[in-house]
Amino acid sequence: MESDEGVGNGDHQAQVIVVGAGPAGSAAALHLARAGVDVLLLEKGTFPRDKVCGDGLTPRGVQQLVRMGVDIDAPGWMRTKGMRWVCGGRQVHIDWPRSGSHPDFGLTRSRHDFDDILARHAVAAGARLCLETRATGPLTDRAGRIVGVSAVTGADKQPMTYRAPVVIGADGASARTALAMGLERDRGKPMATAARRYYRSEARTRDPYLELWADLRCSRTGRDLPGYGWIFPLGDGRVNVGLGALPHRGHGTVDLRATMDRWMARMPTHWELREENAESPLRSAALPMGFNRRPQYGRGLLLVGDSGGMVSPWSGEGIVQAMEAGEVAAETVALALHRPEGPGREQALHQYASEVNRRWGRYYRLGNTVADLVFARYGYRPLLNRSVMASPALVRTLARLLTHGSDAPTDDLIDSVVRGVVRMVPASGRRARDLETRRR
């Protein structure tokens, strides 16, 4: 961490600095710019770029894209009707709900240009994007409050200083800005790993369903994979094939590559999912889950997306949460900046953590418990047993719970059941934290 004292006149000033131009950072920058805020968006790389991801969006994610003004009817977007779960030789299809509160379709698109599209929309709204600009550390005042970041920019890594009274950390799973401010990851919360690879497959590329396999076996132990595999269509001749794992501390790590090879050997020949049709290497990435870094706001720094551990412990989904958190952060900051510096503004900024907890707190606490007691030990197979898969109502309820697809107000019975289950989780507070500590 560096002090802001003695910085020269070459500083770049803004009202807000956003570190990272992934979905969380671009969403935050876009909504801030629309609110008339002068925002600098710092991105260490260039566009387009590749990212490890399933490339699938649920209707909740589609809703965020529409709110951002993205043209989802343009070439390159593939619509999906729902999910297909495969387990123990059985299949079940779950169409996206027609609730009226969200679109009734999902989307797929490669992250190769997905992030580029969002960043361009942020720029069109008025955000200032700085590519090839890597934040190297926060600048702080004497009270330890962040007031900007130091960075290196360009191919020649020229040192630069960027100043703003508020900084949004959206720098992904590495969370370098948060770590430099002393915000360590809670190792009692889940941390999954995912790996994916692209294949050419004319047989599967236009499948209208996101396919998920819940009966995979770990190559090393033969145990059920503490996660699931996926086959997501991209509509351009390719599919995204991958798997995610949430290893239990008593069972050791999972060899994702060998487990993937074992799974691929089960694929029908006509799907053409074999080595000669692979279009990328197998790449993996960490998935920080269940709010595993807190607080989401403190000393001038807001955390959004993976940097705040916002990946869902239920499904491993992270793009939706990143875009929603970016919008919440932008709304909070825009309102706070209308107050003079001091206690009033600080009080307004603290509302970000409160709103994030209101939206996802109970849902994530329940998900963390299920992930620890079920997913990390036995995988998803217990939830997709013969009885569940034979009951359309149970399957739809499980799907809503896994994808956070319920919303209020609604007259939908399944939504009411899911929200009732989530509301049974104790509210955040000292007692709940003590219970979590004792459980660990």
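User: Before we look at helices, what makes a crossing left-handed or right-handed?
Analyst: A crossing is left-handed if the near helix is turned anticlockwise from the far one by less than a right angle, and right-handed if clockwise. Please keep in mind that this is a predicted model.

User: Which hand does the crossing of α6 and α8 have?
Analyst: Helix α6 passes helix α8 in a right-handed crossing.

User: And which residues make that contact?
Analyst: From α6 they are Gln321, Glu324, Ala325, Val328, Ala329 and Thr332. From α8 they are Gln351, Tyr352, Glu355, Arg359, Trp360 and Tyr364.

User: At what angle do the two helices pack?
Analyst: Helix α6, residues 319-336, and helix α8, residues 351-378, pack at an angle of about 150°, and their axes are 8 Å apart. Angles over 145 degrees count as roughly antiparallel, and α6 and α8 are therefore roughly antiparallel to each other.

User: Now aromatics. How many aromatic pairs are there?
Analyst: The structure holds 14 aromatic pairs. One of them joins tryptophan 360 and tyrosine 364: the ring centres are 6.4 Å apart and the planes lie at 25°, so this pair is stacked.

User: Where do those two residues sit?
Analyst: Both tryptophan 360 and tyrosine 364 belong to helix α8, where they are four residues apart, about one turn of the helix.

User: Let us change topic. In what order do the strands of the open sheet come?
Analyst: The seven strands follow the order β8-β7-β16-β17-β18-β15-β19, with mixed pairing. Strands β8 and β19 are at the edges with a single partner strand each, so one side of each has no neighbour in the sheet. From one strand to the next, the twist averages 20°.

User: How many bridges join β7 to its partner β8?
Analyst: Six bridges connect β7, residues 82-87, with β8, residues 90-95, and the two strands run antiparallel. Valine 86, for example, has glutamine 91 in β8 as its bridge partner.

User: Finally, in which sense do β15 and β18 pair?
Analyst: Strand β15, residues 191-200, pairs with strand β18, residues 238-245, in the antiparallel sense over eight bridges. Alanine 194 stands opposite glycine 244 in β18.

Note on methods. Residues are numbered from 1 along each chain as its sequence is written. This is a predicted model: local features need pLDDT of at least 70, side-chain atom pairs count only at pLDDT 80 or more; totals for chains, interfaces and linings use all residues. Side-chain values use heavy atoms; hydrogens and water are left out. Two strands pair if DSSP finds at least two bridges between them. Axes are lines fitted to C-alpha atoms, for helices over the stretch in contact, and angles run from 0 to 180 degrees between N-to-C directions. Angles under 35 degrees count as roughly parallel, over 145 as roughly antiparallel, 65 to 115 as roughly perpendicular and the rest as oblique. Contact means heavy atoms within 4.5 Å. Rings of Phe, Tyr and Trp (its six-membered ring) pair if their centres lie within 6.5 Å; planes under 30 degrees apart count as stacked, over 60 as edge-to-face and the rest as tilted.
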